[in-house]
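Please look over the sequence and the structure before reading on.

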Amino acid sequence: MKQILMIDVSPRGKDSASRAVAETLVARLTVLYPSARLIRRDLAAEPLPHLDGITLRAITTRDPVEAEQLQAAARQSDQLTGELLDSDLLVIAAPMWNFGVPSALKAWIDLVVRPGRTFRYAAGEVLGLAKDKKAILVLASGGVFTEGPWRPWDFVEPYLRQILGFIGIVDVQTVRVEGMNIPELAISAVPKANKVVEELAL
Ligand SMILES: Cc1cc2nc3c(=O)[nH]c(=O)nc-3n(C[C@H](O)[C@H](O)[C@H](O)COP(=O)(O)O)c2cc1C
């Protein structure tokens, strides 16, 4: 393991359940892989811009002349995709907001899911270019989504698995921190998730 990329999303600092569990994971990874470089992207502390017109053109154009002119606009996407492509493990720690991912995480996704960098089309097929990587998702939610009536409302884990698979990351493990808005579950949700982290195959 040479490089780990960790994406933190919640703006709730020390109150954040996803961050608390992700810290347990980082502690384990640091012991297991002491020489791995850990890159942390805190999307709450340093939010990324939504895609604007010029960046969109810059990261999608195939015209080499235009691409040269648009190089500056593509720089942030270049850096983010570079971080991802150079990493062996991606960790995303995120809350569920309105049954989906917070827009801060969507902004990161929009900058790294990029034709010619992290995926391409070949003979009508999609080819993920972010190969030989693993991902771990640490997902906090107020309700319970792994079972019961709210299961179809989970647009976080299915979406993240699908979009990571699209760019070639198919080895994905998930740690759920569920029931944070249900007092009798909230009390044990973080310790329970920490236990899952301790047992993850890393
Ligand atoms: C803006 C907002 C929207 C939320 N939407 C949902 C939701 O749709 N479903 C749910 O189960 N919990 C929802 N929650 C609760 C959070 O998922 C829960 O508090 C979780 O612990 C947040 O992760 P964090 O502790 O890492 O910040 C929402 C919380 C906020 C602040």
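## The model and its record

The model is predicted: local features need pLDDT of at least 70, side-chain atom pairs count only at pLDDT 80 or more, and totals for chains, interfaces and linings use all residues. Residues are numbered from 1 along each chain as its sequence is written, and side-chain values use heavy atoms, with hydrogens and water left out.

UniProt, in an unreviewed entry, places the feature "domain: Flavodoxin-like fold" at residues 2–196. Its positions are given in the numbering used here, feature names are shortened, and annotations may be inferred rather than shown by experiment. Over residues 2–196 the chain is 41% helix and 21% strand, with the end C-alpha atoms 24 Å apart. Helices (H or I, at least four residues) and strands (E, at least two) are DSSP runs, numbered from the N terminus.

## The nonpolar cores

A nonpolar core is a set of buried Ala, Val, Leu, Ile, Met, Phe, Trp, Tyr and Cys residues joined through side-chain atoms within 4.5 Å. Buried means under 20% relative accessible area, exposed over 50%, and partly exposed in between (1.4 Å probe, protein chains only). The largest nonpolar core has 33 residues, of which Ile-7, Leu-90, Leu-105, Trp-108 and Ile-169 touch the most other members. Among the elements that each supply at least two residues of this core are strand 1 (3–8), strand 3 (89–95) and helix 6 (157–166). Helix 5 gives the largest share, six residues.

Trp-108 is in contact (heavy atoms within 4.5 Å) with residues including Leu-5, Leu-43, Leu-80 and Ile-92, leaving aside its neighbours within four places in sequence.

## The largest pocket

On a 1 Å grid over the protein atoms alone, a pocket is an open set of points where a 1.4 Å probe fits, with protein on both sides within 12 Å along at least five of seven lines; lining residues have an atom within 4 Å of a point. The largest pocket holds about 290 Å³ of space; a volume is the space filled by probe spheres set on the points, which are joined across faces, edges and corners.

Of its 17 lining residues, Ala-58, Ile-59, Thr-61, Arg-114 and Pro-115 lie nearest the centre. Helix 2 (53–60), helix 4 (71–85) and strand 4 (119–122) each supply at least two residues of the lining. By class, this lining has eight nonpolar, four polar and five charged residues. Here Ala, Val, Leu, Ile, Met, Phe, Trp, Tyr, Cys and Pro count as nonpolar, Asp, Glu, Lys and Arg as charged, and the others, Gly among them, as polar.

The unreviewed UniProt entry places the feature "binding site" at several residues, including Ser-10. Ser-10 lies in the loop between strand 1 and helix 1 (17–32), and it counts as buried because its relative accessibility is 3%.

Arg-41 is found in strand 2 (residues 37–42). Arg-41 counts as buried, at 17% relative accessibility.

## Two loop residues

Most residues other than glycine have a negative phi. Ala-123, however, has a positive phi near 50°. Ala-123 is placed in the loop between strand 4 and strand 5 (125–128) and is exposed, with a relative accessible area of 83%.

Asp-132 likewise has a positive phi, of about 55°. Asp-132 lies in the loop between strand 5 and strand 6 and counts as exposed at 75% relative accessibility.
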